[in-house]
Amino acid sequence: MRKKLEPAHVGCYNPSEMKKLALVFFIAVLAPSLVLAWLAVRSIRDQQFVIERQRSLLYQGVADSLAKEAENLLSAQQRDFRAQVETLLAKQNPGDAAQNFDTQLRANWPLAQIGFVVSMSGQLLCPLPSSSPEAQVFCSDNGKFLRCSEVAEVFLNNPKTGKNLIANDANVALNKVPQNYNAAAKSDAGYNSSLKAQQTRNIVLQQQINAPQGQQQAEQLSKLSSSEGEFCKLVADETEGALARFLENKLNVLVWYRSPRNPQLVFGAQLALDKLGDGLRSLLQEFHPETSEEICLAILDDKGKPVAQSLSKFQTNWKHPFAATEIGEALPHWEAVVYLTDPKALTKSAQTLKLTLGLLIAVLLVAISIGSWLILSDVKSQLKLARQKTDFVSNVSHELKTPLTSIRMFAELLAENRVADREKQRSYLQIITSETARLTRLINNVLDFARMERGEKKYNFAKCNFTALVRDTAEAYRPHLESNGFKFDCGSPSSEIPINCDRDALAQIIVNLLSNAEKYSDGKNEISVKLEQKSGPLPHAELRVMDRGIGVPRGSEENIFEKFYRVHDSLNSGIQGSGLGLTLARQIARAHGGDVTCEQREGGGSCFVLRLPITSQETT
Ligand code: ADP
């Protein structure tokens, strides 16, 4: 009993070969692709970061320039104030002008909320608290400070240099510790406690909302610092200037001027900040880029409320601008700010970019996976083919060697006259003949296969009677089968079946099928051939070659027609073969417009069916 047979192709991939292949594939394709994908992600992220950074630098530049312009506007107002004072002093002497300076100034200069005159010796000449309610409030708020009987915390600004004055001379005690201006403003007298607090800005940039904590804190710190001093000492070294101070949490901006006509008198004004807003508004209109709907410019006051904005309908959380710059000591804690009208546009475009990139990478990975799968399956089939070819060479060598050995052995016996018995002589000669026929078949198969592979196989088509062809070939094979103990049954119709064919090629198919039926008989020596003429769907001849042997395993009925494919390989089954017989049979049949198929046979064994088209009677 033969052992259970395994398909010849199973286990034809060497695991170490596959591992090597996978490694090469990983090193050559997958790893570089993944690295490239990673680099692409990084570079696009960097690009996005650079774009965001550029945009923030651009708008920061806009905010800086706007702050500068606002500061210039204030300097211009200061110059304007000087001109107003000089005009007054040109008409009357300084002493007289000082008496009603407040009334005259307010009449001529709308920006003045109140006008004041103070002598360097610390005498407040104007306004008189009794002159108006505003004058009364002004005197109670600023009286002590202007009369130099109180040290106050102020922000100084010098219009000549455009920089804040650091009143740090020997006479003036200045404390430059940064402080929380809001807290400072709350307590006019008790500001000392606030000096210890860190001075922070009241806005947080939009970009820093999600920034790391430390960075956010650092950026929020104000660059401005306040100074402390008495009024007469703060103005002693300059002829004009501005100073700002917080009173009751409210910003007071004072401009002052000492005329060469009487340097002992300091003429000053508290600015009406709401009127200053008008000037800032027209500044913003000039400054706003005409075409840009992307940004809104604004000036925020010390409470973070908009004093002026370039797009009147724009509303937002004013505390979180995209870029901001402090205007300076002239207007402490006022900020020139830039808002994005659609802040989500940046995130949207970043998200679109991310999505596109994600898709690209996904497509790339899918392409790589498909490519890899194609390469792997191709390499697999190449490996399989290579293994089959090796098997083929050893199979063919075996097939050549076995008949040659018996031919040589029996020929030597006969040549040396060592066999006297006539019957034995005849049997030996028969063996030599059949082994020679087997050799011829094998060599023909190999040669034909080689021709077909090269596309050189030629057929000599001619009209012939297929019934006769089958009968002749079967009968020629009968002695061989019967001598090997086979019961051979050949059934064919009595009528002719006309076909157009290459006789030798068709005979080769029939012999190959008979030879297989014999080879794979598995001791059940029973072969039958049945030829029939069929009418549907098209008239054709149907030749069945049937045996009761080991049969073709289910699922392999098609595979056995592949080149070199052997279900029952020599090693497992001990049956010699090249894996070419059926490949050739099918190719020849198809070249004749027909086919060869394999069917399971009831009761065991296999059944190979050759179908060929019949030539119509008229053409025969
Ligand atoms: P081989 O030279 O190996 O016989 P073939 O192309 O003729 O090559 O057949 C391919 C495979 O098909 C064989 O190896 C065998 O496993 C299977 N086969 C062919 N004919 C039969 C049959 N009559 N019974 C069982 N298996 C068969």
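This is a predicted model: local features need pLDDT of at least 70, side-chain atom pairs count only at pLDDT 80 or more; totals for chains, interfaces and linings use all residues.
Which cysteine does a disulfide join to Cys 148?

**Figure 1. A disulfide joins Cys 148 to Cys 232.** The S to S distance in this pair is 2.1 Å. A disulfide is a covalent bond between the sulfur atoms of two cysteines. Cys 148 sits in the loop between helix 4 (133–146) and strand 3 (152–157), while Cys 232 belongs to helix 8 (residues 231–234), so the bond ties together parts that are 84 residues apart in sequence. Cys 148 is buried, at 15% relative accessibility. Cys 232 is also buried, at 15% relative accessibility. The count for the structure is one disulfide.

**Figure 2. Cys 126 is in no disulfide.** For Cys 126, the nearest cysteine sulfur is that of Cys 139, 8.4 Å away. Cys 126 has a relative accessible area of 3% and is buried.

**Figure 3. The sulfur of Cys 607 is too far from the closest cysteine sulfur for a bond.** That closest sulfur is in Cys 598, at 7.8 Å. Cys 607 is buried, and its relative accessible area is 4%.

**Figure 4. Glu 71 and Lys 68 form a salt bridge.** Side chains of opposite charge can pair when their charged atoms come close. Here the N to O distance is 3.7 Å. Both residues lie in helix 1 (residues 15–91), three residues apart, which is about one turn of the helix. Is Glu 71 buried or exposed? At 13% relative accessibility, Glu 71 is buried, whereas Lys 68, at 44%, is partly exposed.

**Figure 5. Asp 302 and Lys 303 form a salt bridge.** The N to O distance between these side chains is 3.2 Å. Asp 302 is buried, with a relative accessible area of 4%. Lys 303 is partly exposed, at 37% relative accessibility.

**Figure 6. Glu 542 and Arg 544 meet in a salt bridge and belong to a network.** The side chains of Glu 542 and Arg 544 come together with an N to O distance of 3.2 Å. Glu 542 and Arg 544 are both buried. Which residues are linked in the network of salt bridges? They are Glu 532, Lys 534, Glu 542, Arg 544, Glu 599 and Arg 611. In the whole structure, a search finds 30 salt bridges.

Note on methods:
Residues are numbered from 1 along each chain as its sequence is written. Side-chain values use heavy atoms; hydrogens and water are left out. A disulfide is a pair of cysteine sulfur atoms within 2.5 Å. Helices (H or I, at least four residues) and strands (E, at least two) are DSSP runs, numbered from the N terminus. Buried means under 20% relative accessible area, exposed over 50%, partly exposed in between (1.4 Å probe, protein chains only). A salt bridge is a side-chain nitrogen of Lys or Arg within 4 Å of a carboxyl oxygen of Asp or Glu.
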